[in-house]
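Me: I have a structure to go through with you. Can we start with the strand pairing and then move on to other parts?

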Amino acid sequence: MKEKKIAILTSGGDCQGMNAVINIIVRIASLRNIKVFGIMHGYKGLYEDNFIQLSNEMVENISSLGGTILKTSRFLEFKKDSVVKKCVKILQQREIDALIIVGGDGSFKGAKELSKNGANVICIPATIDNDLRYTSRCLGFDTAVNNACKYIENVEQTMEALDRGVVIEVMGRYCGDIALYCAVSTACDIIALPENPINEEELIDRVKYCIKEKKKIPVVVVAEKMFDVKEIAQTLTKETGYEFKYSVVGYIQRGGSPSVQDKSLAMQFAVRAMELIEDKNYNRALGFNNKIFDVDLESALKSEYNFNYELLNLFYLLNYKK
């Protein structure tokens with residue numbers, strides 16, 4: 001009987017939980033006499049045939065590490081049909097039965113192209129942005145929110161001591177999930193996010209309302225790409241007569257040990273991925289909606305938006321008069 005071989009790569013932006021997935025995949029494979037190869041630097045490493053065989057010893061104690069031991073990259077050349085075909089040929093030459101891809105939206109689109117050209121793929125959603133629409137939670141999101149909340153709470157304390165307002169930018173690319181959950185969890189006053197955008201004038205009015213009605217200096221949470229937070233802080237200082245500062249949370253959202261929730265999610269995703277491979281049920285995307293599920297890759301990429309508008313409306317209810 002031919003020995004089964006699988007490969008795993010991490011692609012796009014790193015996030016917490018990627019290493020935990022790698023750990024579980026390798027441990028399960030060793031119990032089932034399956035060879036596992038790690039592909040270094042994501043799709044770029046696949047194109048360059050940069051494979052390493054993984055063992056239990058190599059992945060021991062990596063589950064609590066942020067980042068990814070396989071490294072990652074953004075490989076724009078992968079959009080070329082010739083590059084995709086070469087990658088599929090490499091997988092075939094190495095007799096890889098299935099490729100597990102851990103990443104976000106761009107990684108999933110790459111996986112779709114591989115599958116169209118004959119590769120067997122399984123996709124695990126891993127992005128702090130939480131912007132894959134078919135699943136309610138992506139790997140890394142919970143840890144990123146926890147990291148950002150800790151940062152915001154620390155900033156809030158010093159701003160309160162100095163009677164200053166603050167505008168804080170969080171990550172999320174074109175998705176407002178991090179901004180929403182941070183604003184709710186840290187009792188912020190005003191939010192600006194792409195799912196319900198506001199212009200500069202509306203933001204200023206809400207800050208003025210907050211100062212008048214709440215008798216406090218507001219904390220404003222802004223999703224990246226919505227405003228220039230430095231300019232907004234300067235404008236608010238001028239418009240309100242109160243001093244406003246700005247702060248960008250940055251890459252601490254993507255670093256550090258994964259939360260218990262993300263470790264648990266990583267384990268569940270990895271186990272399900274191996275079950276699908278055992279069943280030869282390929283070209284699937286895993287997701288979470290109170291339990292692990294899988295859908296075909298095409299459906300995952302075409303799914304309708306699942307933003308939590310109910311939670312956003314509760315935030316508005318607590319902070320604004322109708």
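Me: What stands opposite Ile 101 in E5?
Reply: Cys 123 does. Pairing here requires at least two bridges found by DSSP between two strands, and strands (E, at least two residues) and helices (H or I, at least four) are DSSP runs numbered from the N terminus.

Me: How does the chain get from E4 to E5?
Reply: Through helix H5 (residues 105–116), in a right-handed β-α-β crossover. Right-handed means that, with the strands pointing away from the viewer, the path from the first strand over the helix to the second runs clockwise.

Me: How many bridges join E4 to E5?
Reply: Five, and E4 runs parallel to E5, which covers residues 121–125. Strand E1 (residues 5–10) also pairs with E4 in the parallel sense, over five bridges. In that pair Ala 7 stands opposite Leu 99.

Me: Before I go on, where do these numbers come from?
Reply: This is a predicted model, where local features need pLDDT of at least 70 and side-chain atom pairs count only at pLDDT 80 or more, while totals for chains, interfaces and linings use all residues. Residues are numbered from 1 along each chain as its sequence is written, and side-chain values use heavy atoms, with hydrogens and water left out.

Me: OK. How many residues of E4 are buried?
Reply: Six of the six, so E4 is largely enclosed by the rest of the structure. Buried means under 20% relative accessible area, exposed over 50%, and partly exposed in between, with a 1.4 Å probe and protein chains only.

Me: Which residues are on which side of E4?
Reply: Ala 98, Ile 100 and Val 102 are on one side, with Leu 99, Ile 101 and Gly 103 on the other.

Me: Different topic. What is the strand order in the open sheet of four strands?
Reply: E7-E8-E6-E9, with parallel pairing. The edge strands, each pairing on one side only, are E7 (190–192) and E9 (244–248).

Me: And inside that sheet, which residue is the partner of Ile 168 in E8?
Reply: Val 221. Five bridges join E6 (residues 165–170) to E8 (residues 219–223).

Me: Last one, phi values. Is Glu 95 buried, partly exposed or exposed?
Reply: Glu 95 is partly exposed, at 41% relative accessibility. Its phi is positive, about 60°, although Glu 95 is not a glycine. Glu 95 is in the loop between helix H4 (81–93) and strand E4 (98–103).
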